[in-house]
Amino acid sequence: MNFKLSALAAITVAAVASAATTTVTAYDVAELEAIMADAKSHLFQYMLLVYSGKLSMSDLPAGVVDVAMDAIDNKDYSSLLTEVDFDGVNSMVTALPWYSTRLLPQINSIYSKEQATATLL
């Protein structure tokens, strides 16, 4: 997975522009980017959640697997963002045991950088 902040700005703009009834915010995208990066970096901990029955693939919010697959293949997944259940992503992310210690700081960092980039555009 290749996480570039300039791509994050383009993805957010494209997602917002293509959203008919779904509004995708920069924070939504930051949250999704953070969870994908964290899962890549700490795959074993996520596998332990699956093994223990605390998480299953069927629990993943709509659209997340498609976005992750395109991200893994270094494809542009911006058109898929309107299909993601971001309320579900938020519920899933905030329920993880390492949300406060690992994910929230990463989300805030990505979001802050996105906001700084957006103001320059």
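A residue is called buried here when its relative accessible area is under 20%, exposed when it is over 50%, and partly exposed in between (1.4 Å probe, protein chains only). This is a predicted model, in which local features need pLDDT of at least 70 and side-chain atom pairs count only at pLDDT 80 or more, while totals for chains, interfaces and linings use all residues. Residues are numbered from 1 along each chain as its sequence is written, and side-chain values use heavy atoms, with hydrogens and water left out.

**The whole chain**

Start with a cartoon view of everything. The chain has 6 helices and 0 strands, and its order along the sequence is α-α-α-α-α-α. Helices (H or I, at least four residues) and strands (E, at least two) are DSSP runs, numbered from the N terminus. Of the 121 residues in the chain, 38% are buried.

Contact means heavy atoms within 4.5 Å. Among contacts with a separation of 6 or more, 72% are between residues 24 or more positions apart.

**The nonpolar core**

Select L32, I35, M36, L81, V93 and L103. In the largest nonpolar core, which has 27 residues, these touch the most other members. Such a core is a set of buried Ala, Val, Leu, Ile, Met, Phe, Trp, Tyr and Cys residues joined through side-chain atoms within 4.5 Å. At least two residues of this core come from each of α2 (26–41), α3 (43–51), α4 (64–72), α5 and α6 (99–120). The biggest share is that of α2, with 6 residues.

**A34 in helix α2**

Stay in α2 and select A34. A34 counts as buried because its relative accessibility is 0%. Leaving out residues up to four places away in sequence, A34 touches L103, Q106, I107 and I110. Show Q106 as well: A34 and Q106 are 72 residues apart along the chain, yet their C-alpha atoms are separated by 6.0 Å.

**Helix α5**

Next select residues 86–95, which form α5. Its buried residues are F86, G88, V89, M92 and V93. Looking down the axis of α5, these fall within an arc of 150°, so they line one face of the helix; the arc is that of the directions from the helix axis to the C-beta atoms. D87 and A95, on the other side of α5, are exposed.

Then go to the start of α5, where a side-chain oxygen of D85 comes to within 3.3 Å of the backbone nitrogen of D87.

**N74 in a loop**

Move to the loop between α4 and α5 and select N74. N74 is exposed because its relative accessible area is 54%. Its phi is positive, about 55°, although N74 is not a glycine. Most residues other than glycine have a negative phi.

**Two aromatic pairs**

Rings of Phe, Tyr and Trp (its six-membered ring) pair if their centres lie within 6.5 Å; planes under 30 degrees apart count as stacked, over 60 as edge-to-face and the rest as tilted. By this rule there are 2 aromatic pairs.

For one of them, select Y27 and Y111. The ring centres of Y27 and Y111 are 5.3 Å apart and their planes are at 75°, so the pair is edge-to-face. Y27 is in helix α2 and Y111 in helix α6, 84 residues apart, and the pair links these distant parts of the chain. Y27 is partly exposed, at 25% relative accessible area, and Y111 is partly exposed, at 29%.

For the other, select Y46 and W98. With ring centres 5.1 Å apart and planes at 70°, the pair of Y46 and W98 is edge-to-face. Y46 lies in helix α3 and W98 in the loop between α5 and α6, so the pair ties together parts 52 residues apart in sequence. Both Y46 and W98 are buried.

**Q45, beside W98**

Q45 is partly exposed, with 32% relative accessibility. Apart from neighbours within four places in sequence, Q45 is in contact with W98 and R102. Q45 and W98 are 53 residues apart in sequence, with C-alpha atoms 9.9 Å apart.

Finally, show R102. The side chains of Q45 and R102 are joined by a polar contact of 2.6 Å. A polar contact is a pair of N or O atoms within 3.5 Å; within protein, one must be able to donate a hydrogen and the other to accept it, and residues adjacent in sequence count only if both atoms are side-chain atoms.
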